[in-house]
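User: Could we go through this structure together? I would like to begin with the terms for exposure.
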Amino acid sequence: MRLKSDDGSCDARTLARTGLLPAAMTPTPPSVSSTSFLLYNPGTERAHTVFRIAGNVGDGMLIRNLTTGQRCKIVNLTDESLLPGAHLELDSRMGQTRIVLGDSRELAFVMHDEGYIELAPCTPFERSIAISHTEDSNIVTSEGLFLPHMEGQFLYLDGWKKIRQITDDHSAILSEKTANSGTTAVPIVTMNEIEISGENLALTMLEVDYTPHVR
């Protein structure tokens with residue numbers, strides 16, 4: 001797929017075949033201080049990732065995808081271990097760890113302790129489900145539209161909120177309280193929950209690139 005979100009150019013057929021959502025709903029990209037963030041794969045297949053990292057990983061940097069259960073650990077990366085302007089790439093498709101500087105690429109498996117990260121697809125997803133919500137409450141209701149598989153998925157209501165529990169087909173409990181009352185049509189999709197941990201981390205770069213695929 002060329003896009004990760006709908007920039008306004010997507011036709012009805014494209015939207016019907018993919019999980020593309022408006023660009024305004026795209027989760028906030030990670031920063032060097034991020035300890036947890038969401039990545040959305042609008043394709044129907046798992047997507048490989050390229051993590052780009054620079055700085056100091058201290059005693060080791062653990063990256064976990066809580067959605068897929070995958071984990072990846074980086075060690076021995078310091079400010080002095082790379083030339084100025086260089087960064088480390090972790091490429092799940094190639095199964096490679098590389099030091100990249102301009103057009104130069106050098107394998108660096110000594111910095112890779114375990115694993116690579118892929119992204120679960122958005123499916124099964126619902127593009128528009130009408131839910132009712134109450135200000136300062138994390139309980140939402142629907143007209144019998146909640147399904148068991150939605151537990152653990154995310155809906156967009158003043159930001160992405162996780163569905164912690166499906167009580168029944170009429171009621172669900174969210175991870176956060178809602179900011180206002182009303183009835184809103186929301187998408188419900190699978191998000192990838194990424195967690196970063198480690199002692200004495202001091203990153204200067206943390207980027208993630210991926211290409212969604214549709215069968």
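Analyst: A residue is called buried under 20% relative accessible area, exposed over 50%, and partly exposed in between. E45 is therefore partly exposed, with a relative accessible area of 25%. Please note that this is a predicted model.

User: Which side chain does E45 meet in a salt bridge?
Analyst: E45 meets the side chain of R215, at 3.2 Å from N to O. E45 lies in the loop between β1 and β2 and R215 in the segment after β17, so the pair ties together parts that are 170 residues apart in sequence. R215 is exposed, at 75% relative accessible area.

User: How many salt bridges are there in total?
Analyst: The count comes to 10. One of them joins E89 and R52, at 3.2 Å from N to O. E89 lies in strand β5 and R52 in strand β2.

User: Is E89 buried or exposed?
Analyst: E89 is buried, with a relative accessible area of 4%. Salt bridges with shared partners join K4, R52, E89, D91, R98 and D209 into one network.

User: Changing topic, in what order do the strands of the barrel run?
Analyst: The 6 strands close in the order β10-β11-β14-β13-β12-β15, with antiparallel pairing. From one strand to the next, the twist averages 45°. Between β13 and β14 there are 4 bridges, and I166 has A172 in β14 as its bridge partner.

User: And the open sheet, which are its edge strands?
Analyst: That sheet has 5 strands in the order β1-β16-β3-β4-β8, also paired antiparallel. Its edge strands are β1 and β8, each pairing on one side only. Within the sheet, β3 and β16 pair over 4 bridges, and L62 stands opposite S197 in β16.

Conventions: Residues numbered from 1 in each chain as written. Predicted model: local features only at pLDDT ≥ 70, side-chain atom pairs only at ≥ 80, totals over all residues. Heavy atoms only, no water. Pairing = 2+ DSSP bridges. Helix = DSSP H or I, 4+ residues; strand = E, 2+ residues; numbered from the N terminus. Axes fitted to C-alpha atoms, helices over the stretch in contact; angles between N-to-C directions. Salt bridge = Lys/Arg side-chain N within 4 Å of Asp/Glu carboxyl O. Buried < 20%, exposed > 50% of the residue type's maximum accessible area, 1.4 Å probe, protein only.
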